[in-house]
Amino acid sequence: MQDIQKAPIIHSKVTYLEMNQDSGCEKADLGHLSLRRVLNMPVAEYLDLYREVGRDYLWNYRPGQTDSEIAAILNSPSTWMYVLLDGEKAVGMAELDANNPSDVELVHFGLLPHLLNAGLGKKFLQNVIRLVWESGAKRMWLSTCDMDHPKAIRFYESAGFSVFKTKMGEFRDWRFTGFYEMSDAPQIPYGEKTAGEKR
């Protein structure tokens with residue numbers, strides 16, 4: 001677990017999107033890549049992939065959690081962890097929370113940076129959506145924020161999601177704790193200490 005007191009605050013708008021009925025999309029051809037559900041993923045392996053995929057956007061959920069807390073999530077039957085593989089190399093991840101099987105949240109979704117902007121993300125997401133609807137879910141939803149890829153909202157809307165809520169959010173800047181490098185996500189200004197915290 002990273003020291004939360006070392007991580008100043010970043011303010012960012014959060015956008016929530018949902019899909020309330022099966023879009024009818026078919027599974028897409030991933031070429032030589034494969035999609036695999038991983039059960040009980042080791043925490044170290046998960047965090048390595050989490051950093052590789054999320055460092056450009058300062059993914060925030062896991063840095064403030066202990067290894068045991070993350071392990072409990074990964075080992076839970078309500079966590080659906082899908083990994084996109086190039087041979088045995090993980091090049092993308094889709095983490096879903098199916099604690100309510102009829103209302104599934106896409107918690108994390110992304111590819112390694114060198115695979116972006118080539119159409120693979122659309123195919124990957126299409127296959128994940130198909131798996132969710134085949135599970136019997138009635139709704140699929142997700143949240144993103146302004147620290148994410150600038151085309152994120154448009155990307156999800158093109159897949160059939162619709163915005164249903166926005167709000168301002170507070171996120172910790174985990175670059176200051178060592179979870180990410182200080183040089184990561186240079187497009188995102190460093191966080192600021194809150195009034196009650198010492199600089």
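## Surface patch, sheet and salt bridges

F176, M182 and Y190 make up a nonpolar patch on the surface, with about 280 Å² of accessible area together. The structure is a predicted model. F176 sits in the segment after β7. Its relative accessible area is 34%, so F176 counts as partly exposed.

### The sheet

Seven strands build an open sheet with mixed pairing. Their order is β2-β3-β4-β5-β6-β1-β7. At the edges are β2 (34–37) and β7 (162–172), and each pairs on one side only. From one strand to the next, the twist averages 25°.

Strand β1 covers residues 9–19. β1 pairs with β7 in the antiparallel sense, over ten bridges. Within this pairing, I10 has F171 in β7 as its bridge partner.

Helix α3 (residues 120–134) packs on the sheet. The helix touches β1, β2, β3 (79–86), β4, β5 (103–111) and β6 (139–145). The direction of α3 makes about 160° with that of β5.

### β3 and its neighbours

β3 is mostly covered, with seven of its eight residues buried. On one side, β2 and β3 run antiparallel and are joined by four bridges. Here R37 stands opposite Y82 in β3. β3 and β4 also run antiparallel, joined by eight bridges. In that pairing, T79 stands opposite D97 in β4.

β3 and β4 form a hairpin, with two residues between them. G87 in the turn has a positive phi of about 70°.

In general, side chains in a regular strand alternate between the two faces of the sheet.

### A glycine in β4

G92 lies in strand β4, which spans residues 89–97. Is G92 buried or exposed? G92 has a relative accessible area of 0%, so it counts as buried. Setting aside residues up to four places away in sequence, G92 touches L49, Y82, V83, L84, G110, L111 and F124. I153 is 61 residues from G92 in sequence. In space, the two are 19 Å apart, C-alpha to C-alpha.

### Salt bridges

How many salt bridges does the count come to? The count comes to ten. In general, side chains of opposite charge can pair when their charged atoms come close.

| Pair | N to O distance | Places of the residues |
|---|---|---|
| E134 and R130 | 3.6 Å | both in helix α3 |

E52 has 29% relative accessibility, so it counts as partly exposed. K89 has a relative accessible area of 42%, so K89 is partly exposed as well.

E134 and R130 lie four residues apart, about one turn of the helix. R130 has a relative accessible area of 10%, under the 20% limit, so R130 is buried. R130 and E134 belong to a network of salt bridges that also links D22 and K27.

Two residues other than glycine, L58 and N117, have a positive phi. For L58, phi is near 55°. L58 is found in the loop between α1 (43–54) and α2 (67–74). With a relative accessible area of 2%, L58 counts as buried.

For N117, phi is near 65°. N117 lies in the loop between β5 and α3. Is N117 buried or exposed? Its relative accessibility is 68%, above the 50% limit, so N117 counts as exposed.

Conventions
Residues are numbered from 1 along each chain as its sequence is written. This is a predicted model: local features need pLDDT of at least 70, side-chain atom pairs count only at pLDDT 80 or more; totals for chains, interfaces and linings use all residues. Side-chain values use heavy atoms; hydrogens and water are left out. Buried means under 20% relative accessible area, exposed over 50%, partly exposed in between (1.4 Å probe, protein chains only). Contact means heavy atoms within 4.5 Å. Two strands pair if DSSP finds at least two bridges between them. Axes are lines fitted to C-alpha atoms, for helices over the stretch in contact, and angles run from 0 to 180 degrees between N-to-C directions. Patches are made of residues with over 30% relative accessible area and no salt bridge: like charges are joined within 9 Å, nonpolar side chains (Val, Leu, Ile, Met, Phe, Trp, Tyr) within 5 Å. Accessible areas come from the Shrake-Rupley method with a 1.4 Å probe; for residues, only the protein chains shown count as cover. A salt bridge is a side-chain nitrogen of Lys or Arg within 4 Å of a carboxyl oxygen of Asp or Glu.
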